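Please read them with the model open.

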Amino acid sequence: MSLLRPIALGIETSCDDTACAVLDGDGCVLSSVVSSQLEAHRPFGGVVPEIASREHLRNWPAVSETALEQAGLELGDVDLVAVTKGPGLIGSLLVGLSLGKAIAYALGSRFHAVHHLEGHLYSPFLGSSGEKAERPPEAFIGLVVSGGHTSLIQVDGGETKTLAETRDDAMGEVFDKVGKRLGLPYPQGPLVDELADSGNGGDFRLSIARCSDGSLDFSYSGLKSQTLVEIQKLESAGVNTHLGEPAAAADVPSPILDLLAGFRTAAVGQLVDRLDRLRKQRPVRYLAVSGGVAANRLLRPRLETWARENEVDLRLVSLRYSGDNAAMIAHAALLRDRRGLVDDPLAADAASRIPF
Ligand code: KG4
Ligand code: ZN
């Protein structure tokens, strides 16, 4: 088989997913394996850092073997190793980074320590079914919406500049916290989204926060507090607010469904508000949207409509690569590699917080 080099091996262990992917030099995803640790963390209602680190160590051999097998390759075929250096849980990051460093050193391959956000940022350009990655435009606006970030990023010739970020909670984090208050199992975001589909948000018009200094920064803690207060009011009025699992929409009191729909509308509305205001400040030709929350069932059609109405070329990450995965890390590394960048595996370090 003739392969387009370099063959990139991606490793992503920043939180609770152990992920490994193999991409060819065109950015075709030859394999992308994500092993979830859900069952290990579920009894605790959230991710337990030490458990996550130990699970990464336990899962890595099977995950990497499967990724190579699915790609039809062997470790010796790898030309480039790409690992997430942060931000994330430090123990989890150190497991992935140490594995990547050791592999790159042993193979004598090129090495890239990638910022997690950079992985998400370029993920909308990955082909959803193994086709080659689209070449990102020279200049575009990235919107990364995840459990840790809500960021608007300007990309110009490979240089990035953060235009706005959240001043408090990230959008996904707020979905998780609202769901947790309702007793939903971890991860709560997708479940809140699903329940919101069955509600009528018109009864709960929650406000869209704006910064008083005119900045485009996001803020989600006010929306979270408003929603928690409304849940408390419903509870005081005798509505059952402890949904437990599984919470099928038919079993959930309708005022809760309506509240979740109102919450989701306001959360997505804030993104659209910032995009509208950004467009008033500067032309927006391309918008690339990524991150776990980009799977949201309201966000996707709303942004598609917004882009159509405003003649913006939209790249919405495919559902395969919206959540954390290693294909996006390998892809970002291939783009760095093309620009002549490379890292020293012996010098690379992980950090739980790193500015972008
Ligand atoms: O990108 P990601 O997998 O990890 C981080 O980098 O944070 O994003 C995970 C976040 C979680 O907060 C999860 O609840 C949220 O994305 N999420 C969603 C949906 N799917 C995942 N939030 C709202 N609606 C969804 N459909
Ligand atoms: Zn992420």
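This is a predicted model: local features need pLDDT of at least 70, side-chain atom pairs count only at pLDDT 80 or more; totals for chains, interfaces and linings use all residues.

The points below go from the overall layout to the ligand site and then to local backbone features.

1. Domains. The chain is divided into domain 1 (8-128 + 321-338) and domain 2 (139-317). Taken over C-alpha atoms, their centres are 27 Å apart. Domain 1 puts 17 residues into the contact, and domain 2 puts in 23 residues.

2. Ligand shell. Ligand 1 is surrounded by 20 residues. Gly 147, Asp 176, Asp 193, Gly 292 and Asn 296 are the closest. By type, the shell holds 4 nonpolar, 12 polar and 4 charged residues. Both domain 1 and domain 2 supply at least three residues each.

3. Polar contacts to the ligand. Asp 176 places a side-chain N or O atom 2.6 Å from an oxygen atom of ligand 1. Asp 193 has a polar side-chain atom 2.9 Å from a nitrogen atom of ligand 1. Gly 148 takes part through its backbone: an N or O atom there lies 3.3 Å from a ligand 1 oxygen atom.

4. Cover and elements. How much of ligand 1 does the protein bury? Alone, ligand 1 exposes 550 Å², and the protein buries 84% of that. The largest share, 4 residues, is from α5.

5. His 149. This residue sits in the loop between β6 (139-145) and β7 (150-156). Is His 149 buried or exposed? Its relative accessible area is 18%, so His 149 counts as buried, the limit being under 20%. Beyond neighbours within four places in sequence, His 149 contacts Pro 87, Leu 117, Val 144 and Ala 170.

6. Cis peptides. Most peptide bonds are trans. Two places deserve a look. The bond joining Arg 5 and Pro 6 is cis, with omega about 0°. Pro 6 belongs to the segment before β1 (8-12). The bond from Gly 86 to Pro 87 is also cis, with omega near -5°. Pro 87 lies in the loop between β4 (80-86) and α3 (90-107), and Pro 87 is one of the residues in contact with His 149.

7. Positive phi. Most residues other than glycine have a negative phi. Glu 311 has a positive phi, near 55°. Where is Glu 311? Glu 311 is in the loop between α9 (299-309) and β10 (313-316). Its relative accessibility is 71%, so Glu 311 counts as exposed, the limit being over 50%.

Technical notes: Residues are numbered from 1 along each chain as its sequence is written. Chains are lettered from A and ligands numbered from 1 in the order in which they are written. Side-chain values use heavy atoms; hydrogens and water are left out. A residue is near a molecule or strand if one of its heavy atoms lies within 4 Å of it. A polar contact is a pair of N or O atoms within 3.5 Å; within protein, one must be able to donate a hydrogen and the other to accept it, and residues adjacent in sequence count only if both atoms are side-chain atoms. Accessible areas come from the Shrake-Rupley method with a 1.4 Å probe; for residues, only the protein chains shown count as cover. Helices (H or I, at least four residues) and strands (E, at least two) are DSSP runs, numbered from the N terminus. Ala, Val, Leu, Ile, Met, Phe, Trp, Tyr, Cys and Pro count as nonpolar, Asp, Glu, Lys and Arg as charged, and the others, Gly among them, as polar. Domain bounds come from an automatic or database domain assignment. Buried means under 20% relative accessible area, exposed over 50%, partly exposed in between (1.4 Å probe, protein chains only). Contact means heavy atoms within 4.5 Å.
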